[in-house]
Amino acid sequence: GGGAMGRVVLAALLLLALGLPSLPRSLCSAVGAGYDFEDPLASHTNQAIAFDEAGQREHSLRAFRSAAAFTPNSETLTNLGVCLMRLRRYDEAYETMLRAEKYVESDGSREHFEENWSALMQSMRVEGVAVPGQDAGGSQGTRRQKRRRRAASPSSSIGGVFRERLLHQRDAPLAPPLPRVSVEDLEGGDEAFSVYRDRLEPFILTGAMDGWAMLETWPDTWKEDLVATFGGDSVTDFYPHNMLRTGRSSPYLTRLRRAVHEVLIESGPGQRQAGSAFNFDPSAMAGRYMHLQLTPSMWRVLEDKGHMPPSHERHWHLDNDEWLEECLEFPDSELAEEYHLKTHWKIILTGSRGAGMFNHSDSLLTSSWHGHIMGSKWWYLCGTLQNGSKACFEDYLVPGEILYYGPYWHHETQNLETPTMTITDTVAHEYNVQLITSKLLGTCAREELSFQFSGALCDALQKCYEFWSHNRVDPEVPTFSNWREHADSARIEERDRIKPAENNYDGRNYITE
């Protein structure tokens with residue numbers, strides 16, 4: 001676990017800081033036998049520890065990098081940061097640990113991160129290495145601690161940057177706007193738009209939502225439309241304490257009829273008197289968010305009732321369900337419904353001013369489009385362009401615009417108005433299916449992502465991998481083997497006990513009425 005790994009690396013750090021010899025190098029011909037750094041299903045962290053115990057630090061570093069690449073989370077990135085620290089590569093360690101903090105989602109991962117961050121600060125002081133933002137051997141007031149103190153005052157600027165339209169200022173440098181690309185640009189033959197046509201870089205698509213009924217009617221009648229379309233008993237993920245802080249991102253299952261009213265209640269000491277079912281938390285950042293997970297049947301209802309065009313009439317960038325029809329019998333099967341609910345594949349997001357989501361990247365390594373229906377939303381994205389350079393963008397989305405981004409693009413958001421609404425769909429296409437396949441197979445075989453898939457769904461996904469193998473950029477990449485060949489017997493039994501209809505919204509958990 002993360003805590004145990006933290007104790008291991010701290011013990012090793014003390015040897016380094018005191019100038020004691022590291023673990024003895026041994027002849028380890030057996031260490032790493034059969035291990036492949038490029039195998040997405042390999043136990044990279046365990047192998048990295050084995051390399052380290054054998055004194056093979058560079059091999060250990062490479063294995064930790066593989067763990068962070070195939071399973072990016074706070075623990076794998078923290079472990080990588082510690083490995084870099086032990087190799088005295090402090091600049092890389094510092095930046096890696098900052099990335100790790102952005103993935104913290106639980107008390108356990110927070111403890112793991114904090115423990116090793118303190119160790120990094122101590123080691124840098126002992127070695128006389130300057131912490132960014134202070135002199136070598138400086139005070140305990142690290143850049144991360146200073147950032148926390150500044151963030152406590154939402155109305156103040158952070159890092160010298162003040163964005164007048166934001167309720168909560170964010171620690172992010174000013175960035176250029178996203179490219180805006182029209183449907184005519186995509187349909188033309190101009191090579192300059194090929195990266196957007198092939199969905200290789202983020203952009204805002206304009207003109208693709210022209211004529212959508214929800215754009216015209218929902219700004220005035222969205223509460224009634226949502227309840228009439230999906231039923232007031234539908235269950236939402238409701239966030240009364242915002243999602244801008246990683247430690248305050250747990251949802252409350254809430255009936256749709258209540259959630260649409262809760263969104264409009266202003267967070268504050270008097271929210272109970274205003275009709276809210278939730279207590280005020282003075283430590284939370286103001287803003288309320290409602291996520292309505294859309295099953296395939298709910299998606300089809302949106303089309304059948306004319307709120308959005310059917311798939312064959314939408315722009316081709318927004319028609320992404322062919323593979324679901326081929327291998328999961330979308331939209332009528334319980335397996336397609338299980339997949340959508342457990343991966344949050346399609347969502348309607350509605351929130352108040354100030355509501356947003358902390359900086360993160362999508363764990364399934366998918367791509368997404370976000371169609372803006374009403375209000376306005378600030379987006380901040382950072383990632384790697386096709387030319388290999390790092391880039392960040394920020395922009396304000398308005399109704400009728402569609403934001404697209406691909407895998408590995410970190411992003412955070414904040415609503416600028418009450419209410420603000422977006423509809424989003426996840427995209428599998430020829431340039432990302434290899435990554436998605438790797439993640440889904442790892443999840444079925446060893447719960448790499450905590451989706452709790454049924455065995456029946458994992459079996460059906462094998463058909464999806466085969467379908468994707470004929471629709472990817474590099475057809476020479478071998479097809480992935482069956483998940484049952486990689487999972488142990490206990491995992492297989494666990495998967496086969498899960499029924500496709502079992503999920504967080506089936507009544508097993510408390511639901512706020």
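Two strands, S2 (203-206) and S11 (402-405), each supply at least two residues of the lining of the largest cavity. Before going on, please keep in mind that this is a predicted model.

The volume of the largest cavity is about 40 Å³. Around the largest cavity you will find Phe203, Leu205, His317, Leu318, Trp369, Ile402 and Tyr404. By class, that lining has 6 nonpolar residues, 1 polar residue and no charged ones.

Next, helix packing. Two packed helices are described by the angle between their axes and the distance between the axes.

Take helix H2, residues 44-53, and helix H3, residues 57-70: their axes are 8 Å apart, and the packing angle is about 170 degrees. Angles over 145 degrees count as roughly antiparallel, and H2 and H3 are therefore roughly antiparallel to each other. Their crossing is left-handed. On the H2 side, the residues that meet H3 are His44, Thr45, Gln47, Ala48, Ile49, Phe51 and Asp52. On the H3 side, they are Arg57, His59, Ser60, Ala63, Phe64, Ser66, Ala67 and Phe70. Sorted by class, this contact of H2 with H3 has 7 nonpolar, 6 polar and 2 charged residues.

The second pair is helix H5, residues 90-102, with helix H6, residues 107-127. The axes of H5 and H6 come within 11 Å and cross at roughly 160 degrees. By that same cut-off of 145 degrees, H5 and H6 are therefore roughly antiparallel to each other. H5 passes H6 in a left-handed crossing. H5 brings residues including Tyr90, Tyr94, Met97 and Leu98 to the contact, and H6 brings, among them, Phe113, Trp117, Leu120 and Met121. The class count for the contact of H5 with H6 is 11 nonpolar, 2 polar and 3 charged residues.

Last, the backbone. Most residues other than glycine have a negative phi, and most peptide bonds are trans. Which peptide bonds here are cis? One runs from phenylalanine 330 to proline 331, with omega near 5 degrees. Proline 331 sits in the loop between helix H13 (322-327) and helix H14 (334-343). Another cis bond runs from threonine 418 to proline 419, with omega near -5 degrees. Proline 419 is in the loop between strand S12 (410-415) and strand S13 (420-427).

Finally, histidine 344 has a positive phi, near 55 degrees, and is not a glycine. Where is histidine 344? In the loop between H14 and strand S6 (346-351).

Notes. Residues are numbered from 1 along each chain as its sequence is written. This is a predicted model: local features need pLDDT of at least 70, side-chain atom pairs count only at pLDDT 80 or more; totals for chains, interfaces and linings use all residues. Side-chain values use heavy atoms; hydrogens and water are left out. On a 1 Å grid over the protein atoms alone, a cavity is a set of points where a 1.4 Å probe fits but cannot get out, and a pocket is an open set with protein on both sides within 12 Å along at least five of seven lines; lining residues have an atom within 4 Å of a point. Grid points are joined across faces, edges and corners, and a volume is the space filled by probe spheres set on the points. Helices (H or I, at least four residues) and strands (E, at least two) are DSSP runs, numbered from the N terminus. Ala, Val, Leu, Ile, Met, Phe, Trp, Tyr, Cys and Pro count as nonpolar, Asp, Glu, Lys and Arg as charged, and the others, Gly among them, as polar. Axes are lines fitted to C-alpha atoms, for helices over the stretch in contact, and angles run from 0 to 180 degrees between N-to-C directions. Angles under 35 degrees count as roughly parallel, over 145 as roughly antiparallel, 65 to 115 as roughly perpendicular and the rest as oblique. A crossing is left-handed if the near helix is turned anticlockwise from the far one by less than a right angle, and right-handed if clockwise. Contact means heavy atoms within 4.5 Å.
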